[in-house]
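Colleague: Thanks for making time for this! Could we go through the model together, one question at a time?

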Amino acid sequence: MDNKQKLIQWLQETSFREITLLVDFLVTAFIGYLYINQLINATPEQLASMTWLSTLLLEVIVYSIVLMVVSYVVLAMISDDELSKPMDVREKQINLVGYKYSAIILQVGVMLGIVQYNLDVQGFAFMPQSIPHLPLHVLLVAFLLAELAHYGVQLYKGRTGDIYE
């Protein structure tokens, strides 16, 4: 069996909602990779520039919108009208568990962002080299991690079936 046949078999065995979650997870991971890669490769002047930061945030937003719209259009074309079907009780429970973990990560990220902002205002730094606008970066990374957790937990719980643990 070659790779194309294996892919076709996997697509036939996998539920549409699971494929949708996997696509969302991969798109979010790709956007996170682009963002972190831009931050790592930025010069200190770029990190301090609001113009560069605004451009980076706009890129993240545009990539998010375009990739999500394209993925949903493609998935809608290959689905058997599964997007219009309501979620069953099990899928709703899995979705709620995903939201729970996502909310925890987002709350921790917001708290870290607030603490970092207060430390910046008071001039206290843990790192020898200060990163301008660090609270904003903490919040964006927390959001991306929360989204990854939301999709990842749903994929895991859907595969393993241990919803209530």
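Modeller: Gladly! One term before we start: a salt bridge here is a side-chain nitrogen of Lys or Arg within 4 Å of a carboxyl oxygen of Asp or Glu. Please keep in mind that this is a predicted model.

Colleague: How many salt bridges does the structure hold?

Modeller: Arg 17 and Glu 91 meet through their side chains, with 3.1 Å from N to O. Glu 18 and Arg 159 also pair, at 2.6 Å from N to O. The number of salt bridges in the structure is two.

Colleague: How many residues apart in sequence are the parts that Arg 17 and Glu 91 tie together?

Modeller: The side chains of these two, Arg 17 and Glu 91, meet in a salt bridge. Arg 17 belongs to helix 2 (residues 16-40) and Glu 91 to helix 5 (residues 89-121), so the parts they tie together are separated in sequence by 74 residues.

Colleague: And is Glu 18 buried or exposed?

Modeller: Glu 18 is joined to Arg 159 by a salt bridge. Glu 18 sits in helix 2 and Arg 159 in helix 6, so this pair links parts that are 141 residues apart in sequence. Arg 159 is exposed, at 52% relative accessible area. The relative accessible area of Glu 18 is 17%, and buried means under 20%, so Glu 18 is buried.

Colleague: Which helices each supply at least two residues of the lining of the largest pocket?

Modeller: That pocket holds about 460 Å³ of space. Its lining has 22 residues, and the closest to the centre are Arg 17, Glu 18, Leu 21, Met 87 and Gln 154. The helices that each give at least two lining residues are helix 2, helix 5 and helix 6.

Colleague: What about His 137: is that residue buried or exposed?

Modeller: His 137 is part of helix 6 (residues 134-160). Apart from neighbours within four places in sequence, His 137 is in contact with Tyr 35, Leu 39, Leu 53, Ile 131 and Pro 132. With a relative accessible area of 5%, His 137 is buried.

Colleague: How much accessible area does the nonpolar patch on the surface have together?

Modeller: Its members include Leu 58, Ile 61, Val 62, Met 77 and Ile 78. Ile 78 lies in helix 4 (residues 50-78) and is exposed, at 54% relative accessible area. Together, the residues of the patch have an accessible area of about 1000 Å².

Key: Residues are numbered from 1 along each chain as its sequence is written. This is a predicted model: local features need pLDDT of at least 70, side-chain atom pairs count only at pLDDT 80 or more; totals for chains, interfaces and linings use all residues. Side-chain values use heavy atoms; hydrogens and water are left out. Patches are made of residues with over 30% relative accessible area and no salt bridge: like charges are joined within 9 Å, nonpolar side chains (Val, Leu, Ile, Met, Phe, Trp, Tyr) within 5 Å. Accessible areas come from the Shrake-Rupley method with a 1.4 Å probe; for residues, only the protein chains shown count as cover. Helices (H or I, at least four residues) and strands (E, at least two) are DSSP runs, numbered from the N terminus. Buried means under 20% relative accessible area, exposed over 50%, partly exposed in between (1.4 Å probe, protein chains only). Contact means heavy atoms within 4.5 Å. On a 1 Å grid over the protein atoms alone, a cavity is a set of points where a 1.4 Å probe fits but cannot get out, and a pocket is an open set with protein on both sides within 12 Å along at least five of seven lines; lining residues have an atom within 4 Å of a point. Grid points are joined across faces, edges and corners, and a volume is the space filled by probe spheres set on the points.
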